[in-house]
Amino acid sequence: MWNDIIGDIVAVLKGLNVTEKVLVIGHDWGAWFAGQLSRIRPDLVRAVVYLGFVPYTWRAQLTLVEDLRLVFGDEVYIHVFQEPGRAEALFAKEKTSSLMLAFLSRWSDDPQLRIPKVSSDKEEALPDWITSADLQFYADTFDKTGFTPSLNVYRNFKRSTELNAPFIDKILDHPSLLIKASRDIGYLHISNFHTSLDPEEILAANKPQYPNLQKVVVIDANHFMHQEKHEEVNKAIIEFLISCPPS
């Protein structure tokens, strides 16, 4: 469950004997957990950077999976992930490193939000922002753990949202930064299925909850902007951190 992960983060900070408030940076789900940490334990957080994640209403999350399925069909990735064993069986058919390459290099290419297909080209070239060592690290990690722990985050989406209801209206008044990529599938297509979830409308609607939220756009970058355009992302983070008041 989400709060278990938040507890792990708190335990890491305690284990490292961190005594000052921290800057928390997360990508996609990691950004969500960064935001959750600031909701539940604001005493630990100086500022938050969301990479690719658009803060949106908690109530919208309760129907997000079904909303996506109704518009994009049964093959939309988040619906496929819901049935225990289904995605695991699909992934088991592929070499893990090839599957990782498909997600990293083609995740932003499908407007139907389907699981990316593994290339039939056994000598598929790597994008210049992915090294073979990076790819092998991801593959080795998932070969060790399997995909189920990660998929279970999606399978507990609604339940975790409901359990966090006490924090729904929490105002996050610490400095925060959204860094989004111009070709990020999660940002570009979220508005296709529900008007109230248009990214810009989301930011405007949630302004009262995120009064100090800033935004930076990384041009010609996909979902994995922190790898593809790491210099630009790092620059934005450093400039944001410098602008933050002392904790």
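Me: Buried means under 20% relative accessible area, exposed over 50%, and partly exposed in between (1.4 Å probe, protein chains only). What makes strand 3 mostly covered?

Reply: This is a predicted model, where local features need pLDDT of at least 70, side-chain atom pairs count only at pLDDT 80 or more, and totals for chains, interfaces and linings use all residues. Residues are numbered from 1 along each chain as its sequence is written, and side-chain values use heavy atoms, leaving out hydrogens and water. Strand 3 spans residues 176-181, and six of its six residues are buried. Strands are DSSP runs of E, at least two residues; helices are runs of H or I, at least four; both are numbered from the N terminus.

Me: Which residues cover each face of strand 3?

Reply: On one side, S176, L178 and K180 are buried. On the other, L177, I179 and A181 are buried too. Side chains in a regular strand alternate between the two faces of the sheet.

Me: What makes strand 2 and strand 3 a pair?

Reply: Two strands pair if DSSP finds at least two bridges between them. Strand 2 (residues 45-51) and strand 3 have four, so they pair, in the parallel sense. V49 has L177 of strand 3 as its bridge partner. Strand 4 (residues 213-218) also runs parallel to strand 3, over six bridges. There, L178 stands opposite K215.

Me: Why is helix 7 called oblique to helix 8?

Reply: The axes of helix 7 (residues 96-106) and helix 8 (residues 132-145) come within 8 Å and cross at roughly 120°. That angle makes helix 7 oblique to helix 8. Under 35 degrees would be roughly parallel, over 145 roughly antiparallel, 65 to 115 roughly perpendicular, and the rest is oblique.

Me: Which residues of helix 7 and helix 8 meet?

Reply: Contact means heavy atoms within 4.5 Å. T96, S97, M100, L101 and L104 of helix 7 meet L135, Y138, A139, F142 and D143 of helix 8. By class, the contact has seven nonpolar, two polar and one charged residues. Ala, Val, Leu, Ile, Met, Phe, Trp, Tyr, Cys and Pro count as nonpolar, Asp, Glu, Lys and Arg as charged, and the others, Gly among them, as polar.

Note on methods. Axes are lines fitted to C-alpha atoms, for helices over the stretch in contact, and angles run from 0 to 180 degrees between N-to-C directions.
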